[in-house]
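Here's a quick tour to read with the structure open beside you. Grab a viewer and follow along.

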Amino acid sequence: MKRDKGKKNEKNLKRKKKSELTEDDITVVDKDVAKKAVVATGIGNAMEWFDFGIYSYLAATIGKIFFPEMEGSTQLVFSFATFSVAFLVRPLGGMFFGSLGDKIGRKKVLAMTLILMAFATLSIGLIPTYSSIGLTAPILLLAARLIQGFSTGGEYSGAMTFIAESTPDSRRGVMSSGLEVGTLIGYIGGSGIVTLLTFLLGSETMLDWGWRIPFLIAAPIGVIGFYLRTHLEESPAFEKMEQQKEASEDESRHVPLKDLVLYHRKALLMGLILVLFYNVIDYTILTYMPSHLTAVLGYGQTKGLLLILIVMFIMIPIVFLMGHFGDRIGNKRIIQSSLIGFILLAVPSFMLINSNVTAWVFIGIMIMAILLAALMGTMPSQLPSLFFTEVRYGGLAITYNISVSLFGGTAPLVVSWLVDISGSNLAPAFYVIFVALIGIVVVSLFLTKTSGKPLRGSPPAIAAEENLLEAIDDTNEELWWTDEKDRIDKEKNNNDDNQTQ
């Protein structure tokens with residue numbers, strides 16, 4: 001009886017008609033609290049890409065310090081292999097922290113992941129060199145990278161979840177886009193610091209001890225981020241869900257991984273595909289492009305990196321603008337427009353990039369960057385909307401990290417291989433077109449428009465109390481996600497009944 005009563009009460013919110021939806025059901029989000037959430041979560045993403053930036057720019061130096069017995073390009077291969085191994089453990093970190101975040105709350109887990117990331121990055125700057133402790137040095141470097149990858153597995157998905165649940169429905173896009181602004185700032189900061197230190201200290205001093213400085217900077221960044229995150233309030237959506245569980249006397253605390261896979265498989269599959277094309281395009285433009293300019297086109301390394309840094313600076317306001325447009329006309333339309341743009345303009349853009357004329361190269365990269373900014377401004381709010389509140393962190397963590405490990409992290413390798421076997425400098429464009437074609441089909445046919453609507457499993461969230469009555473009036477006869485939740489509950493009940501028999 002107690003189980004039946006819990007199930008019955010658990011459905012009260014989603015079965016409320018428009019006339020029954022009351023002011024108590026609406027979540028009023030404080031603007032200052034929402035802005036604080038954006039800053040606190042953005043710092044974690046900035047730290048992740050700060051690490052990407054400093055490691056990428058110091059790869060050759062790290063190879064000489066930790067793999068001195070290797071020679072030439074082999075040192076660089078081992079250095080990047082140590083960097084890439086973090087992607088192998090990201091799905092494990094995603095499953096661990098995602099499940100934990102759905103069980104004990106987003107805020108606590110985000111504090112854990114940030115302090116782990118900061119600790120691992122700081123540790124790299126403190127590791128003795130190979131000449132001091134021998135083989136133990138690269139082993140410690142590998143251990144630090146594994147910790148970084150494990151913690152990162154719960155970081156970005158948790159940050160997306162927290163921001164989406166802590167912002168008003170009408171502003172979810174533009175505020176969530178702040179997460180990707182953190183990506184750009186972190187990468188610019190990391191690569192910029194390495195470039196500046198190399199200029200000031202010189203190559204020999206950087207090889208001696210200067211390489212440690214960028215990693216040591218992680219400590220104060222981590223302390224600041226940890227302080228901000230521990231002083232955040234829990235996301236309103238998670239708090240509302242916990243209150244409903246207590247009111248319904250439901251003893252279950254979180255959805256098991258098995259149930260997530262069984263009953264939310266459509267959301268998982270959608271998440272995998274969205275992250276696939278998003279990250280392949282992202283890593284191709286921001287991570288592979290410097291190598292394309294240097295190794296394929298013969299640009300000087302400094303000149304190529306400077307072009308990318310300038311492009312990323314310009315992208316920052318565009319990302320915010322795309323988030324704003326997503327709130328106004330819908331994320332789905334922005335994503336569709338971006339993918340169509342890649343399909344039509346990828347080849348012309350790479351033709352400009354391959355022209356070897358700096359002005360045309362810059363324009364070609366900028367075209368691709370603007371289209372990417374459209375995805376960066378919308379995906380952080382679109383991806384969390386795929387999942388119901390009780391599985392949002394876990395579902396996002398699993399889909400994002402599996403997809404980014406299989407497709408995003410391997411994009412530079414795949415693109416380099418395509419250029420090598422085809423002999424064509426346009427190979428990266430065709431790879432981008434391929435994933436964009438997959439994306440446009442899936443987005444157009446299967447993606448539900450959620451911009452401006454409540455998140456799955458949640459009542460409306462508004463920015464001011466004076467909008468309460470308007471929110472009630474604007475709510476459809478039933479909350480838009482009710483039928484979908486009914487189907488999931490029905491499928492679960494049927495499976496439970498079959499197992500009982």
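## Ground rules

This is a predicted model, where local features need pLDDT of at least 70, side-chain atom pairs count only at pLDDT 80 or more, and totals for chains, interfaces and linings use all residues. Residues are numbered from 1 along each chain as its sequence is written, and side-chain values use heavy atoms, with hydrogens and water left out.

## The chain as a whole

The fold has 24 helices and 2 strands. Those are DSSP runs numbered from the N terminus, with helices being H or I runs of at least four residues and strands being E runs of at least two. Of the 501 residues in the chain, 55% are buried. Here buried means under 20% relative accessible area, exposed means over 50%, and partly exposed is in between, using a 1.4 Å probe and protein chains only.

The accessible surface comes to about 21,300 Å², and carbon and sulfur atoms account for 64% of that. Areas come from the Shrake-Rupley method with a 1.4 Å probe, and for residues only the protein chains shown count as cover. As for how the chain packs against itself, take the contacts between residues at least 6 apart in sequence: 85% of them join residues at least 24 apart. A contact means heavy atoms within 4.5 Å.

## Salt bridges

How many salt bridges are there by the rule used here? The count is 11, with a salt bridge being a side-chain nitrogen of Lys or Arg within 4 Å of a carboxyl oxygen of Asp or Glu. One of them pairs Asp 102 with Arg 106, whose closest N and O atoms are 2.8 Å apart. Both partners are tucked away: Asp 102 is buried at 6% relative accessibility, and Arg 106 is buried at 0%.

Another pairs Lys 492 with Asp 259, with the closest N and O atoms 3.6 Å apart. Lys 492 lies in helix H24 (residues 482–500) and Asp 259 in helix H15 (residues 257–263), so this pair ties together parts that are 233 residues apart in sequence. Lys 492 is partly exposed at 32% relative accessibility, while Asp 259 is buried at 10%.

Helix H24 also holds a pair of its own: Lys 485 and Asp 489 both lie there, 4 residues apart, about one turn of the helix. Their closest N and O atoms are 4.0 Å apart. Lys 485 counts as buried at 13% relative accessibility, and Asp 489 is buried too, at 15%.

## Charged patches

Lys 31, Lys 35, Arg 171 and Arg 328 gather in a surface patch of positive charge. Lys 35 belongs to helix H2 (residues 31–57). Patches are made of residues with over 30% relative accessible area and no salt bridge, with like charges joined within 9 Å and nonpolar side chains (Val, Leu, Ile, Met, Phe, Trp, Tyr) within 5 Å. Lys and Arg count as positive and Asp and Glu as negative, while His and the chain ends are not counted. Each charge is placed at NZ of Lys, CZ of Arg, CG of Asp or CD of Glu.

There's a negative patch as well, formed by Asp 30, Asp 32, Glu 233 and Glu 239. Glu 233 sits in the loop between helix H13 (218–230) and helix H14 (236–247), and it is exposed, with a relative accessible area of 53%.

Is Ser 235 buried or exposed? Ser 235 is in the loop between H13 and H14, yet it counts as buried, at 0% relative accessibility. Leaving out residues up to four places away in sequence, Ser 235 touches Arg 106, Phe 162, Glu 165 and Ser 166.

Leu 309, in helix H17 (residues 301–329), is buried at 12% relative accessibility. Leu 309 and Gly 192 are 117 residues apart in sequence and 8.3 Å apart in space, C-alpha to C-alpha.

Finally, Asn 356 has a phi near 70 degrees, a positive value in a residue other than glycine. Asn 356 lies in the loop between helix H18 (331–353) and helix H19 (358–382) and is partly exposed, at 49% relative accessibility.
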